[in-house]
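Thanks for coming. I will take one structure and walk through its core, its salt bridges and a patch on its surface.

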Amino acid sequence: MAFYKEWATQIRGYNHNIKQAIFANIFTQIGLGIFMVIYNFYIRELGFSEKINGQVISMTALATAIILIPAGILSDRIGRKKAMLFGTAASGLVLLFRGVIESQSLLLLFAFFTGLTIAFVQVSGIPWLAENSKPEQRVHLFSIHFAVMTGANVIGNLSGGIFTDIFSMFTTTLNSIRFTLLIGGIIFLIGLIPVIRFKDPPKKAKKNQDINKKSPIKIFSNNKNIKVILLFAFAQLMIGIGAGLVIPYLNLYFADRFSATNSMIGFIISMGQAATAVAMIIGPMVVRKVGEVKAVVILQLTSLPFLLLTAYTENLWLAALGFLFRQALMNAGNPIQITLMMSKVDDSMKGLANSVNQMVFNLGWAVMGPVSTGIVVKYGAYWGYALVFSITAALYLVGSSYFYIVFRNYNKTKKAATAAKTF
């Protein structure tokens, strides 16, 4: 009951802008979840090879990596609402186009456009929540933000498969996929309605936007903020490199080592996302006990035995169990880490901080793909994955240790701790 009251009190304290942002998050993530789980099959159904599928994914990732920092700076200058309005509207339209175009060049071009436009949503969401909340609200707020995002994505994934199966009873496979993609794009665009209803930012945030408009050079002249951003970025880079070795290939891991069916793999991955959503809700309880920095480190380190269990077991259910706990514990620290970063960076730099954080994480994913697949090809489905998972565990250990050493003396968000103790 105390747990329920804690969250009920927090949610009741959210202002209009935060509630609208949560609604926008739900619609865009459901739409994106529908789209992403089906789009690979659309390309295949058009008659293109898996190579084109890979190129589409790479084009989106490349565009996101290119635009993240400029988008973050622009978000700081023009304001979060304008950035999210543009990002949501443009991304929704691009998704709709991607559901009907058929030529290879357009598939790649619009994949690139997706990365460019959706970055404006990615870099603005967290700073918007930070600017519209009090420090004592942020641990719970970011936890529920990521939990809602994950839960909505799971709903989208499941809906994508269900819609396609239903439509396939009445039309061709290609058309059933196309209708599902269009539904995903429309639901994504519905997320524009809550964004339109955003009210003007608080005076402090607006003041900072005015300051940034004077000169772009000032963005990089604030050494204190840049230093903090870089310290967080290095920690995120270590985790991103480790994650990039295993996370994109978990479906292949279950297929190669255990010959798991597609439906079984989909079920395990979905359960992992659900477990992550639950774990993110539990995160604030850990913060209340040990503070923000120790909470991040404890959650990350306790995930390592489960990662190693996944690496070396030859039993599918033990592998699934290890995957669920690793996924939940490792990701539960993300909202806490972002809360800490947002509390240490001025409002005028929150967009840049968030974009740098995401960019280095994506960079880790981008560069480690060939390394991971190369190791698995060379050493096989058992020792290849065992080695890859072990390297990831080592990188996580180094990243967590670095995070503790660098940030252990940072004062934790005192108001957050005080508020938490009252529940």
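This is a predicted model: local features need pLDDT of at least 70, side-chain atom pairs count only at pLDDT 80 or more; totals for chains, interfaces and linings use all residues.

Residues are numbered from 1 along each chain as its sequence is written, and side-chain values use heavy atoms, with hydrogens and water left out.

First, the core. In soluble globular proteins, nonpolar side chains tend to be buried together. A nonpolar core here is a set of buried Ala, Val, Leu, Ile, Met, Phe, Trp, Tyr and Cys residues joined through side-chain atoms within 4.5 Å. Buried means under 20% relative accessible area, exposed means over 50%, and partly exposed is in between, with a 1.4 Å probe and protein chains only. The largest nonpolar core has 53 residues, and those touching the most other members include Phe 142, Phe 232 and Phe 403. Among the elements giving two or more residues to this core are helix H6 (138-168), helix H11 (223-246) and helix H16 (316-344). Helices are DSSP runs of H or I, at least four residues long, and they are numbered from the N terminus, as are strands (E, at least two). The largest share of this core, 8 residues, is from H16. Domain 1 (13-198) and domain 2 (222-417) each contribute at least three residues to this core; the domain bounds come from an automatic or database domain assignment.

What does Phe 403 contact, leaving aside neighbours within four places in sequence? Its partners include Phe 232, Val 293, Gln 337 and Arg 408, where contact means heavy atoms within 4.5 Å. Apart from this core lies another, of 29 residues, with Val 246 and Phe 389 among them.

Not counting residues up to four places away in sequence, Ser 143 touches Trp 7, Met 280, Pro 284 and Pro 335.

Next, charges. Side chains of opposite charge can pair when their charged atoms come close. A salt bridge here is a side-chain nitrogen of Lys or Arg within 4 Å of a carboxyl oxygen of Asp or Glu. The rule gives 3 salt bridges. Asp 76 and Arg 80 form one, at 2.7 Å from N to O. Glu 131 also bridges to Arg 80, with the closest N and O atoms 2.8 Å apart. Glu 131 is in helix H5 and Arg 80 in helix H4 (residues 80-98), so this pair ties together parts 51 residues apart in sequence. Asp 76 is buried at 3%, Arg 80 at 2% and Glu 131 at 8%.

Glu 102 and Arg 178 form a salt bridge as well, at 2.7 Å from N to O. Glu 102 sits in the loop between H4 and H5, and Arg 178 in helix H7 (residues 173-190), 76 residues apart. Glu 102 is partly exposed at 41%, whereas Arg 178 is buried at 13%.

Last, the surface. Leu 308, Tyr 312, Tyr 379, Trp 383, Leu 387 and Ile 391 make a nonpolar patch of about 570 Å². H17 gives the largest share of the patch, 4 residues. Trp 383 is in helix H17 and is exposed, at 54% relative accessible area. Patches are made of residues with over 30% relative accessible area and no salt bridge, like charges being joined within 9 Å and nonpolar side chains (Val, Leu, Ile, Met, Phe, Trp, Tyr) within 5 Å. Areas come from the Shrake-Rupley method with a 1.4 Å probe.
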